[in-house]
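The structure comes first, and the notes follow.

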Amino acid sequence: MCPRCSSDVPEVSHFCHHCGNDMRTGDAERKKAYAAKPDEPVASFKLVSTIMPQGSGQQPYTYKVALGIALLLTVVTAALGALPVAIMIAAFAIPIVYIIYLYDVNLWEDEPIPVVAAAFVLTGVLAAVFTWLWKDKLALSLDTIGGNSAGPSGRDLLILLLLVPVVSELIRQIGPLYLASRPRYDDLMDGFTFGVVAGVGYACFETLVLHWGWISGGFAGPGSSAGTWISIVVLHGFIKPLVYGSATGLAGAEFSGLGEGYDGFTPRWVAGLLQAMAVNALFQGGVYLLGFVGGHGSTIGSVLGVVWGLLLLGALIIRVRTVLHKGLLEAALESAARGGSNHASGDLAFCSRCEMPLLPQSDFCSACGNSVRSVPKSARGVSAPTAATTGETQA
């Protein structure tokens, strides 16, 4: 019997198939076995299994290679002074990889147009309009290298610490909340994933507006500013989308909640929203202030901005993994109290990660400990017809 949920567990099981409890080590929190990828600890900086949990167990290297190639091309083109190409690659790299990920795991369940429109296109259009308003209409003293020769401005800092984080996060919540409120997308992992989509989509269009001068300026050629160019395109093209996406994804996960159906506008969602706004403010304000270190247009300031972004991203990755891990365990415990899940309700279903048979109404694989909810929906319960069912069909 499982000591955590009191379910009857086969003696050979490594994990409880209902609540995911580790039956061999007695570690109820499973700190060394991340629910979405049990061969990784919870406290880990593994990027792919964090932001792409539903595909990390099948083809993680596909996404790693794609992101690595995009990063390499961005750095090379920026170093050569091909700034329009560098900005375009940096802006669209992560969104394109993430949309391919959605297609691979069939998250939108054969409704690609509404999902992409709500989670990416709508967010991107609103992001472009709002970024244009606060950058140009409010006349911030910013240029393409993130600073000005007069030093930090209190007015600009207030805009970047209050107005931009609050309004931008509210914009990023529109698509995910609409999708997560629909019955077929009300799962915890759905809410998180749609939040990541909205975050990377917002970052893409914000980057295009902020650096339109580089895009329209043409080929600059190699020069002494290559280090600054590389730092900026890496920061805005790769680090910023992941920061935005992770923060918005956490709020989306809290909106979806643990059990069946979405929880809605609960105190946990409000806390997640405020947390995302705070992260946005820290990112915007930190990058702005660090841009002045070493003087106007200094490479040192740009590099420090990258370091600051990486520190925030690292903290967010740990936070995301902790929240998702606890959420999956708590949801499974709640499901066990109701008699088990319907995610693997077939008479013969297999774990998509280790291909071992799943026990009926499983929330976790009893062999490897992988959460059934963390795999693509199409692979959660591949059932084989029983003799009784076959006989009824023939009759």
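Buried means under 20% relative accessible area, exposed means over 50%, and partly exposed is in between (1.4 Å probe, protein chains only). This is a predicted model, where local features need pLDDT of at least 70, side-chain atom pairs count only at pLDDT 80 or more, and totals for chains, interfaces and linings use all residues. Residues are numbered from 1 along each chain as its sequence is written, and side-chain values use heavy atoms, leaving out hydrogens and water.

On to the rings. Rings of Phe, Tyr and Trp (its six-membered ring) pair if their centres lie within 6.5 Å; planes under 30 degrees apart are stacked, over 60 edge-to-face, and the rest tilted. Searching the whole structure turns up 8 aromatic pairs. Here are two of them:

| Pair | Centre distance | Plane angle | Type |
|---|---|---|---|
| Phe255 and Phe265 | 5.3 Å | 70° | edge-to-face |
| Tyr288 and Phe292 | 5.1 Å | 85° | edge-to-face |

Phe255 counts as buried because its relative accessibility is 2%, whereas Phe265, at 61%, counts as exposed. In the other pair, Tyr288 is buried at 2%, and Phe292 is buried too, at 15%. Elsewhere, ring pairs tie Tyr63, Tyr98 and Tyr101 into a cluster.

A charge sits over a ring if NZ of Lys or CZ of Arg is within 6 Å of the ring centre and within 35 degrees of the ring normal. Arg172 lies over the face of Tyr244, 4.3 Å from the ring centre, and Arg321 does likewise over Tyr34, at 4.1 Å.
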